[in-house]
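Student: I am new to this structure. Please show me how to read its features, one at a time.

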Amino acid sequence: MRPPGQTAVGFSLPRVDGVAKVTGRARYVDDITVAGMMHGATVRSDVGHGILRAIHRDPAFDWTGVTVATAADIPGQNVIALIEPDQPALVAIGNTIRHPDEAVALVCAPTRARALAAAAHVRLEIEPLPLVLSVEASLHLKQVLHGDDNIFARFEVKKGAGTSAAGIDAALAAADIVIEGTYETGAQEQMYIEPQGMIAIPGDGGIHIIGSLQCPYYVHKAMVALLGLPGDKVVIQQSVTGGGFGGKEEYPSMIAAHAAILSLAAGAPVKLIYDRDEDIGATTKRHPATIHHRMGLLRDGTIVAQDVDVIIDGGAYVTLSPVVLSRAVLHAAGPYRCKDVRIVGRAVATNAPPHGAFRGFGAPQTTFAYERQIQKAARAVGMDPVAFRKKNMLRPGDDTATGQVLTESVGSEDVMAAAEKASATPLAPSDDQVRRGRGVAFYFHGAGFTGSGEQRLAGRAQVALTAGGDFEVRSSSTDIGQGTLTIFTQIAAAGLGVEVSCVRVPEPRTDDVPDSGPTVASRTCMVVGGLVDRASRKLRGRIEAWAREHGHGDAPFIAAARAMAAAEGEVTADAQYAPPPGIEWDDKTYTGAAYPVFGWAACVVDVAVDVDTYEVTIERCVHAVDVGKAIHPIIVKGQIEGGTLQALGWGTLENVVYRDGRVANRRMTDCIVPTFADAPEIETILIEKPFSFGPHGAKGVGEIPMDGPAAAVANAIEDALGVAIDEIPAIPERIAIAARGLSFSTEGPHTP
């Protein structure tokens with residue numbers, strides 16, 4: 001507990017939302033009921049690519065009391081506004097269906113059972129078109145799905161000789177050793193504990209939408225375009241939200257659109273809640289990726305050149321693929337010194353459901369590739385894997401692949417020292433049945449939006465002294481289980497110099513809070529928390545100045561604040577983002593300071609592999625993470641441990657299976673994620689290298705624990721069996737095939 005008189009920051013106070021959640025008082029979207037509410041359901045295509053020719057209602061079904069809505073009922077633009085306006089809310093008759101489970105029509109009825117029954121009696125007439133199910137087929141233009149080349153986005157990073165293909169080829173040719181590898185990472189389902197859901201309530205010429213979401217202003221922007229309404233007629237409110245991990249970043253705009261279309265068509269509130277199979281089948285997932293990597297070395301182990309080609313499967317629509325690809329490319333050279341670098345990234349269109357944001361968004365894919373390369377490089381020059389990483393890792397004063405010079409809050413040496421200490425513990429011995437191995441991974445993650453993104457967004461936060469004499473933090477940053485409400489309470493209390501009991505952080509609604517930007521990219525604590533800190537200190541200064549002017553200068557601060565509230569009513573202080581000095585980024589050349597600061601991490605994993613079944617048991621995991629400053633140590637450790645387990649699951653057992661572009665394993669019984677029974681012993685080590693422009697030194701922590709553990713697992717399996725594991729998830733079938741020198745196909749194993 002926090003000693004009396006000390007700041008709230010740095011102590012693990014009880015979570016402000018904890019009691020409501022554990023006692024069941026917290027109201028998730030499906031707990032909310034509105035008078036006259038109807039229930040919605042979505043009619044989806046079972047064809048992955050085709051022309052929608054007609055929508056028919058089954059005449060044998062009783063349609064009494066049922067509302068059916070199609071694209072013709074959309075009052076504004078039939079588009080889900082995001083990066084590009086390419087994804088319709090509903091496919092219109094005569095237009096193209098681009099992926100399985102694409103929404104075509106909507107129904108609502110007084111009960112959910114009747115809505116589902118009605119949806120099952122809507123018939124679609126579709127003229128099939130050839131499917132494009134792989135990035136290879138897409139790049140060969142078997143069918144044109146987007147533009148004239150099927151590429152959603154392309155980014156390049158060039159440094160030194162990497163400014164041209166010929167230059168990087170020459171740099172690699174001059175190296176003593178060249179390591180070359182191709183790495184495959186699979187899709188991953190977010191599997192948040194609460195499925196997606198929204199309620200739309202029409203009235204007063206506008207609409208009020210309540211839902212499970214990460215980014216209220218994303219949904220607001222999308223609804224203004226879709227419904228053709230002015231911004232003040234659209235209110236988006238977050239309900240208590242049971243997890244997101246990126247899966248509730250952009251997709252809630254689609255569900256909100258469907259609920260809103262139905263509510264306006266029916267003239268009644270409409271609730272639309274997904275079952276788990278619909279959620280898994282229709283919503284976005286982590287982008288599958290293929291990374292081809294060439295690395296040039298000197299005989300002494302110095303990395304001198306890297307050439308990396310990154311391809312991600314974007315699915316049917318752009319959604320957030322450019323953002324994911326950008327981060328993948330910017331992290332692809334890893335936290336290692338290298339004079340000559342060339343990285344090319346492409347996001348490619350296919351007929352899979354769109355892929356989108358998932359914790360780490362792009363960095364885990366390329367981290368897996370470079371850490372597998374590093375493992376091979378260490379072996380090629382005969383060096384210990386930890387020693388090789390220490391020799392080449394970035395330190396203060398070094399520059400990254402984009403030319404960003406690292407000046408502060410560089411925790412590379414500290415996290416590697418922790419990994420080295422963890423590696424000193426003897427590995428349990430192997431036997432006739434089990435082979436054991438140890439793997440390490442080292443990585444970094446840029447905190448906040450890339451480049452000039454934060455400046456363009458110009459996020460704002462407000463802290464208010466309410467008329468009742470308490471304090472309120474107002475921002476659009478959402479709590480999706482990661483502790484935003486609690487850490488904002490702590491930061492504001494510290495800035496104001498009051499007890500945490502005096503501060504309230506309401507769940508956001510767009511008519512009450514400023515746009516602080518989305519709850520993504522490890523920016524909530526570092527960026528928005530920084531705004532809360534500045535606004536709190538500004539408000540304290542105003543209250544103290546008023547107190548001196550009005551004869552309350554000797555009164556305790558909280559008494560002076562309540563006197564001011566009684567005299568003046570509500571008093572507010574705002575803060576808007578401004579970049580730290582010296583942060584310069586060129587979007588055209590992709591050079592400069594890609595991020596204001598990086599988090600740093602190292603992970604050590606011990607595995608046991610059954611030599612008969614090739615099942616992998618993760619016996620131990622040590623994760624050291626530089627977080628800048630832990631505002632709430634227990635919450636920070638929880639973030640790291642949760643992200644670690646997600647990463648271990650992605651690396652070993654989370655296998656999303658597609659058939660003709662459709663997710664085939666769409667139940668929790670076969671689209672499996674780790675449970676407590678699968679969790680190894682996890683030791684979390686917090687390293688604090690404060691960032692001078694983060695609140696109390698804090699940096700982002702939500703993404704980085706996802707980045708490296710999968711690579712550490714693959715390195716550990718290789719250590720145990722002596723075979724390269726270059727594709728994840730490393731399910732037993734893949735390990736067996738690698739161990740036997742065969743190749744793997746999703747259609748089944750076959751000999752070369």
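Tutor: Start with a term. Contact means heavy atoms within 4.5 Å. Keep in mind that this is a predicted model.

Student: Which residues does Val-605 touch, leaving out those up to four places away in sequence?

Tutor: Its partners are Gly-437, Arg-438, Gly-439, Ile-618, Arg-620, Cys-621, Leu-648, Ala-712, Val-713 and Ala-716.

Student: How many residues does the largest nonpolar core have?

Tutor: A nonpolar core joins buried residues such as Val, Leu and Phe through side-chain atoms within 4.5 Å. Here the largest one has 104 residues. Val-605 is among those with the most contacts inside it, along with Val-310, Ile-343 and Trp-600. Strand S23, residues 598–610, gives the largest share of this core, nine residues.

Student: What about the backbone?

Tutor: Most residues other than glycine have a negative phi, and most peptide bonds are trans. Asp-204 has a positive phi of about 55 degrees. Phe-361 also has a positive phi, of about 25 degrees.

Student: Are Asp-204 and Phe-361 buried or exposed?

Tutor: Asp-204 is exposed, because its relative accessible area is 74% and exposed means over 50%. Asp-204 sits in the loop between strands S9 and S10. Phe-361 is buried, at 9%, where the cut-off is under 20%. Phe-361 belongs to the loop between strand S15 and helix H9.

Student: Where is the cis peptide bond?

Tutor: It runs from Ile-728 to Pro-729, with omega near 10 degrees. Pro-729 is in the loop between strand S28 and helix H19.

Definitions and conventions:
Residues numbered from 1 in each chain as written. Predicted model: local features only at pLDDT ≥ 70, side-chain atom pairs only at ≥ 80, totals over all residues. Heavy atoms only, no water. Buried < 20%, exposed > 50% of the residue type's maximum accessible area, 1.4 Å probe, protein only. Helix = DSSP H or I, 4+ residues; strand = E, 2+ residues; numbered from the N terminus.
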